[in-house]
Structures are given as structure tokens and as C-alpha cells.
Amino acid sequence: MAAQIDGVFESGLQQKIKESKVLVVGAGGIGCEILKNLVLTGFQDIEIIDLDTIDVSNLNRQFLFHKEHVGKSKANVARESALTFNPNANIKAYHDSITTNNYGVNFFQRFSIVLNALDNRAARSHVNRLCLTADVPLIESGTAGYNGQVELIKRGLTTCYECFPQPAQKTFPGCTIRNTPSEPIHCIVWAKHLFNQLFGESAEDEDVSPDTADPEAGAEVGQAALEKDANEKGNVDRVNTRTWAKECQYDAEKIFNKLFYDDIKYLLTMSNLWKNRNPPKPAKWDTVQEDAKEEDAIVDSVARDQTVLSMAQSAKLFAESIKALEAALAKLPDGDHLVWDKDDKEAMDFVAACANIRAQIFNIPRKSRFEIKSMAGNIIPAIATTNAITAGIVVMRAFRVLQQEFEKCKTVYVRLRVNPRNQFIVPDTTIIPPNPKCYVCAAKPEVVLKLDTKKLTVRELRDDILIKALNMISPDVMLDGANSIVISSEEGETDCNNAKTLEEMKIVDGCILKVDDFLQNYELSITVLHKDPGREEAPFEIVADAESLKPKEAEAESSAAAPGPSSAPADDAPQPSTSKGVNGSANGKNTAPNHDSDDDLCIVEEEEENVEGRPSTSKASSSKATVEKRKHAPEEDEPANKKAKVSSSHTPMDEDDDLIILD
């Protein structure tokens, strides 16, 4: 190995590499590359953690995995494969979620450095907070298509992952799209994938069938499916969706029953998926057609665009669009395909119909054709080369960290095209210091929360604001000065408060809430301000920095004095971060769910939606850890290291690494 050969590295670095202990979080596209680089460089003591299992679609870029590994733990297989490069390395693998209470501050303090290879916003925030508390350097990385980014997060020296507001995340795990959709956009993405499977240029990552490698469903589900579908040679024969559709002559009834009845019934057999979710309700063609007889058809095209169609109306549109698209495909030369276009009537009708049928099956609010058209967008695939380049930069940055050369650890961007200085790997000009008003790494984290105290419930405060928007795992909330517990992380202790409004809990304008999530060793002070939201306004607004409320003109005037999170070289166009997804929507708007992750990820450019008035189904909120209460630490100028007192109850949340949002 390189570190064991004298002269490859200077003696000081060579010794530090041998003695250091490294944690890699995520074993997907970037994680595989990082682990390979660490082993070949000579790192001896490595630990890697990932909850996910290996799917067929991973094999094109996660080179440590092969066909025989499908259905197995990514972390365990990555360890076994990496040891073939250097059998003398000490690698420990965890098939687990980094957000469980098994991995607290004491766990992180064991490491010299932590390397993130995630795509999950909540997991990124969680690791960020624990590394800050443990005072362990964190190297954050991410890719989006041909773009990548690597940055150092060091307490007191650099901005943290949550120092500045980020754009809304628009990545969706493959298992969410195929198995457990929870938002309209998930159904729209699934419908677009189905269009490509039947009429367009299909890709393996766009399979619309139930995902047997879903980590929540359990590895045994994927293994059982493999054994069931294996042929005499032990390989899996995959039936092409378009071939099957042609064989049944694009019969709308057969396709409908396959997608919305048979596949849904199969999903219901994955019982683990529905422990904390409402199960879907299969729909059959005959039953839907009986309901259609009682409804009048919508003739006017404008009215149809603005109307939310019923199941029966969507089924009729589904059949009509399939017939039209089949005819259009038949006119093309053999081997050619249709291209989905939101301005193509039949293609848009097909996606709108399929999305709404699937939405109703999963009890998700349906949308009008106009809304669906505005939400549909582009998909960016993971690129193996970008992952490899990014992972290489990560390990090179790790060398600097081990040598305590933090001033040389500027953020680095990987770009598809060279800049005016002929660079496609572009470093920042300076290291950006922490934001003094950050609601995570400031000495006294605090935010202002504007909402309607007369309508917003305690459950919505917990699920939509604390867990979803502020990325907490298991929060405890007390009303300052009243010594009353509003939300407890102990299961069942404050369930009686869930349906009460904040006003009923004596939380009114001017009240201060003390929030403590000791799974993250994180405390936050929230000042509640009452507001009556307008008809088109979001139900709540989180303000971490009053400066962020300035008009754009004022922001432009003060931009020179207040640097942003990423100061790209002056002669380059500003580049967005590829590793920092938004930490929940600071304006209360709905974002992609962050409790699932996989690397069959797609980036969808859609209009943001207001948060629905129903409680979140986040696994982080439904599965709480049993904890021992502790008093809030006294407010001091510097954050203290806090010891979490937890039992071994898990709060599952998945992580991986492949795709991150680009602005």
C-alpha cells in the first residue's frame, strides 16, 4: 500500500495515515470509491456504515458490488470487496442507520475524521450536528450528474452544513418512487418512468415494478424474489415491459390491472413497509368502470385541465392516451421510440392519468392536469466518473486534515466544462467562516417561528416543523417559564397533546419554546410569533436570521459584507452546492421526504407545494427512542459536549450518496 512505501508520502503524513481512525458514512457510488481509495492509500483502521441493500441498478457504478451480491448489505459487501485490495486493513462494517441512538457523540469522538457519502438531507444534518459537538472534522461530498463538490466542516473554522438556507431538495429515492410514495410528485415521477418503459427510451433505473431491494422491506424479500425468478443458470430473466405490453396489444385493461392491482397486491406482501404507513388500496379495472357509468365526462379542455379527475375519469383518460400513444409509436421505424414532452397532449394525458390513479391508491392528494404539467421536470442520472473524481478529492482533503492544514481545505467543485482559467476542478478562493446566526453551530442556537397558533397543532409542530423542516430526530419541547412538557420523546407520554392547538397549550405570540434533541446533542430556542397566514401563504415560516428577510435590493447592497456559503472564484459563474440540500423548508413549503434513501435517485424540477394539513408520516416521528430526560445545559458562550443517555431503541432512517440537488 502507498502509505507503507517510504518516499511516497512524507514521513509525518505516512505515520498519521497508519494511526488514524476513519468513519465512512454511506456505501453507495461515492462511498465505494472512497473506501477503495482509503484502502489502497494505506489507511489501516476504517469503519463504514450503510443501511441499504444492493439492487441491480447499483451495479453500473458501485464497482465493489456484483450480481451475486444483489439483496445483500452494502456495508458488509463493501468491506469484503475492499479487503481483497488489502487483507491487512482493519475494516468494520455496520448494516445500520447512522441516525439511530447507537451512534452518538461518544461514537464519533473515536474517529480522527468522518467522511460523508450521503444523499439524505436528514442524515447529513444529523452527522453534521454530531461532528460539531464531538469536534471531529467532517468532509462532506456529493455529486449531481457531471457536477460534484467536496467541502470541509470544522467547528469554529468553517460553515457547517446548515449555516445558510438552501434550495428545496428535489431528489427522490428509487424505493420511494416504486414502493412507498407519499407525495404527488412521487406519483408523477413514477408515471414518467412508466411512459418511458412503454413508449420511450427506457432505463434500468426507471423500472416501475415493486422494489424488492427496499431496505425497509428487509434483505430476505430481495433474496426471495431473486430465487423465485432465477432460471436454470441462476440468473434472473427480466421481462421487458414494452415487450409484454406489445404481446397483450397494449390492452388498457390488462396494463391497468397489472400496474394498479397485481403490483399493489404484491407490495402489500412486504408487511414491513406498512407498519407505520397506511397501506395502499389496489384498484381493479372492472370496479373502476362500474363507477364511471355514474359520472359525466368533461368535454371542455380548459375545464379538464383545471379539474382534479376522479379515479374513473383518470382510468378513461388512461385508456384513451394508451391507444393514441400506441398508434404514434407504430408509425415510427423499428427500434425508435417516443420522447415525453409536457406539451404533447397524449403524453401529458398519460402521465396525468397514471399519477392520479396511483395517488388515489396510496391515499395521496390528486392534482389537476395543469398542476401535474407544472410539476413534471427533468431527471439527472448518477455518473460513475464524477463519483470517482469526487471521492479522490475527498481522500486528498483527508490528508490535509490529518496534517492539521485546515487553511488549505477550501471547498472544491467538479464541473462538466472548464472555467475561463481552463479548470474543471475549481477550488474556492477562501474558507468561509461559520455563520454567527446559524441555528445549529452558533453559541446559542435560536430561530423565530411565525405561524397561526390558533390552528397549528402540536402534532404538526413536531412532524412538519421540528422533524421535517428542522431535521430533528426525537425532540423534547418545553414551554419556557411554564415548566410544562409540550412534546416528549418518550413514546406515549404526550400523545394526548397531539390534536391540541398551540393556543390550547398556552403557546401564544411571544412565547419561547426550549427544544432538546439529545440524540443529536442539539438544543434550540424557538420564539413563537403569531400570524394569520393569507390564502396563498405557507402555514409557517422559520427565520434563523433577520437579515434573510431583507428585500433583494437590500441583500444586494450588503452582499459584499456578508459572504455566502460558497464563494466561487471571481471569474467563474456562481456554482451551487452539490452536497448541501435544504435543511427542511425554511418558509414552510413542502419538500421531498427525507426519511428514505437509495441510489436510484432522480432530480425533478417542480414547483414547490404548500405543506398539506395532515401530519407527517415520517418514520423518524413514528418510531421514537426511549430516553432518559436530562435538564438543559446552562447557556454559555461556547456549546458544551453533551452526553446522550439513550436505550437501544432504533429510529430508522436510510442513507446513501449518489445524487444531490443542484440549484
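This is a predicted model: local features need pLDDT of at least 70, side-chain atom pairs count only at pLDDT 80 or more; totals for chains, interfaces and linings use all residues.
**Overall make-up**

The protein contains 19 helices and 18 strands, and of its 663 residues, 56% are buried.

**The eight-stranded sheet**

Eight strands make up an open sheet, in which the order is β3-β2-β1-β4-β5-β6-β8-β9 and the pairing is mixed. The edges are held by β3 (90-94) and β9, each of which has a single partner strand, so one side of each is left without a neighbour in the sheet. On average, and with direction ignored, neighbouring strands of this sheet are turned by 15° against each other.

Within this sheet, strand β6 (residues 147-153) can be followed from one partner to the other. Strand β5 (residues 138-144) runs antiparallel to β6 and is joined to it by seven bridges, with Leu138 standing opposite Ile153 of β6. These two strands form a hairpin with two residues between them, and Gly145, which belongs to the turn, has a positive phi of about 65°. Strand β6 is also joined to strand β8 (residues 412-414), by three bridges and again in the antiparallel sense; here Val150 has Val412 of β8 as its bridge partner. From β8 the pairing continues to β9, with three bridges between these antiparallel strands, and Val414 has Ile425 of β9 as its bridge partner.

Is strand β6 enclosed by the rest of the structure, or open? Six of its seven residues are buried, so β6 is largely enclosed by the rest of the structure. A helix also lies across this part of the sheet: α5 (residues 121-134) lies across β1 (21-25), β4 (113-116), β5 and β6, and runs at about 160° to β5.

**The six-stranded sheet**

Another open sheet is formed by six strands in the order β12-β11-β13-β14-β10-β15, and its pairing is mixed. At its edges stand β12 (484-487) and β15 (540-543), and each has a single partner strand, so one side of each is left without a neighbour in the sheet. From one strand to the next, the twist averages 30°. Inside this sheet, strand β13 (residues 512-517) pairs with strand β14 (residues 522-530) over six bridges in the antiparallel sense, and Leu513 has Ile526 of β14 as its bridge partner.

| Strands | Number of bridges | Residues paired |
|---|---|---|
| β6 and β8 | three bridges | Val150 and Val412 |
| β8 and β9 | three bridges | Val414 and Ile425 |
| β13 and β14 | six bridges | Leu513 and Ile526 |

Helix α1 (residues 11-19) has Leu13, Gln14 and Ile17 as its buried residues. Seen down the axis of α1, these buried residues fall within an arc of 105°, so they line one face of the helix. As a general point, an α-helix has 3.6 residues a turn, so residues three or four places apart point the same way. The face of α1 that is turned away from the buried side carries the exposed residues Ser11 and Glu19.

Which helices do the buried residues of α1 pack against? They pack against α2 (29-41) and α16 (384-402). The axes of α2 and α16 come within 8 Å and cross at roughly 45°, and these two helices are therefore oblique to each other. The crossing in which α2 passes α16 is right-handed. Residues that make this contact include Ile30, Ile34 and Leu38 of α2, and Ala391, Val395 and Phe399 of α16.

**Two residues with positive phi**

Tyr250 is not a glycine, yet its phi is positive, at about 50°. Tyr250 is placed in the loop between α9 (241-247) and α10 (252-268), and with a relative accessible area of 7% it is buried.

Asn422, also a residue other than glycine, has a positive phi near 65°. The loop between β8 and β9 (425-427) is where Asn422 is found. Is Asn422 buried or exposed? Asn422 is exposed, and its relative accessible area is 62%.

Key:
Residues are numbered from 1 along each chain as its sequence is written. Side-chain values use heavy atoms; hydrogens and water are left out. Buried means under 20% relative accessible area, exposed over 50%, partly exposed in between (1.4 Å probe, protein chains only). Helices (H or I, at least four residues) and strands (E, at least two) are DSSP runs, numbered from the N terminus. The arc is that of the directions from the helix axis to the C-beta atoms. Contact means heavy atoms within 4.5 Å. Two strands pair if DSSP finds at least two bridges between them. Axes are lines fitted to C-alpha atoms, for helices over the stretch in contact, and angles run from 0 to 180 degrees between N-to-C directions. Angles under 35 degrees count as roughly parallel, over 145 as roughly antiparallel, 65 to 115 as roughly perpendicular and the rest as oblique. A crossing is left-handed if the near helix is turned anticlockwise from the far one by less than a right angle, and right-handed if clockwise.
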